[in-house]
Amino acid sequence: MTQPNAALRRAGQSLTPGALVALYVIDLSPLGVPQQFAFTPSTKKTSALPFQGIQYQPVDVRCEGFEYTGKGAMPRPKISVSNATRLMSSASLLYDDLIGAKLIRTRTYTQFLDNGATPDAEAAYAQDIFFFDQKTRHTKRLIEWELASAMDQEGRALPGRLIVREICLWRYRRWDAAAGAFDYSHVKCPYTGGQAYDADGNPTTPDKDTPSRHINTCCKVRFGAAAQLPFGGFPGVGRVRV
């Protein structure tokens, strides 16, 4: 599990952490539509909340039931959106009630927003991802949906990620020759060092920077043999016998 960054961890342990805000994105790409709606539940704020370059517009919306209890069934949250502007009503009519669309919830503290006291795009809790499963109410005033967890989809098997013992599957940085710099878009590997290495773990030039994806020739040469290694494989499965 990815650990929260230091600033977020300190805020969460503080007696005065600041206001926790929930930011939502409705992603229509699973429906074949390259469109997203970014919003935050609010009936008082009139300006958007900027975070990670995204403007989350205040919307009269209620979201509840996201908490995991650790036992029993997966959570089935509900989202109720005001239909005053008819925006969600139109989207519902155009895209089959949004069934199958993705809802992404991001939570952070106000001080970490792009316009906060200490902006930090990395200071956010792990995203919660749900899918619109059923429209349960539709009136002139509001529309309500029940959501299903990304792990609670029909036909979904666990684990959702391939388990490999000796190979790291994390996405590694890419050298962008045009920009003369590394591209870290959607990267999972945390290595940001200036030294590049080839697939055998030998120092090389940035354009030949290639991960071997093995602990000894990749993680250890980049982070140090005595360091805590952020390996994206599952070395512990070697102890399991079926």
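**Close-up views of the predicted model**

**View 1. Arg222 in its surroundings.** Arg222 counts as buried because its relative accessible area is 9%, where buried means under 20%, exposed over 50% and partly exposed in between (1.4 Å probe, protein chains only). The structure shown is a predicted model, in which local features need pLDDT of at least 70 and side-chain atom pairs count only at pLDDT 80 or more, while totals for chains, interfaces and linings use all residues. Residues are numbered from 1 along each chain as its sequence is written, and side-chain values use heavy atoms, with hydrogens and water left out. If residues up to four places away in sequence are not counted, Arg222 touches Tyr172, Tyr191, Tyr197, Asp209, Thr210, Pro211 and Thr217; a contact here means heavy atoms within 4.5 Å.

**View 2. Helix α3 and its buried residues.** Arg222 belongs to helix α3, which spans residues 215-223; helices (H or I, at least four residues) and strands (E, at least two) are DSSP runs, numbered from the N terminus. The buried residues of α3 are Cys218, Cys219 and Arg222. They lie on the same side of α3 because they cover an arc of only 80° around the axis, the arc being that of the directions from the helix axis to the C-beta atoms. An α-helix has 3.6 residues a turn, so residues three or four places apart point the same way. The buried residues of α3 pack against β12 (196-197), and just after the helix Gly224 takes a positive phi of about 105°.

**View 3. Strands β7, β8 and β9.** Strand β7 (residues 102-109) and strand β8 (residues 128-138) run antiparallel and are joined by 4 bridges; two strands pair if DSSP finds at least two bridges between them. In this pairing Lys102 stands opposite Phe131 in β8. On β8, too, strand β9 (residues 142-149) pairs in the antiparallel sense over 7 bridges, with Gln134 opposite Glu146 in β9. The strands β8 and β9 form a hairpin, with 3 residues between them.

**View 4. Glu146 on strand β9.** Glu146 is counted as buried because its relative accessibility is 18%.

**View 5. The largest nonpolar core.** A nonpolar core is a set of buried Ala, Val, Leu, Ile, Met, Phe, Trp, Tyr and Cys residues joined through side-chain atoms within 4.5 Å. Of the 22 residues in the largest one, Ile26, Ile79, Leu98, Leu103, Phe132 and Trp145 touch the most other members. Two or more residues each come from β1 (20-27), β2 (36-41), β5 (61-64), β6 (78-82), α2 (87-94), β8 and β9. Apart from this core lies another, of 9 residues, among them Phe51, Tyr56, Leu113 and Ala124. In soluble globular proteins, nonpolar side chains tend to be buried together.

**View 6. The chain and its confidence.** The secondary structure of the chain comes to 3 helices and 13 strands, and buried residues make up 33% of its 242 residues. The average pLDDT, the predictor's confidence in each residue on a scale from 0 to 100, is 83 for the chain, and 85% of the residues score at least 70.
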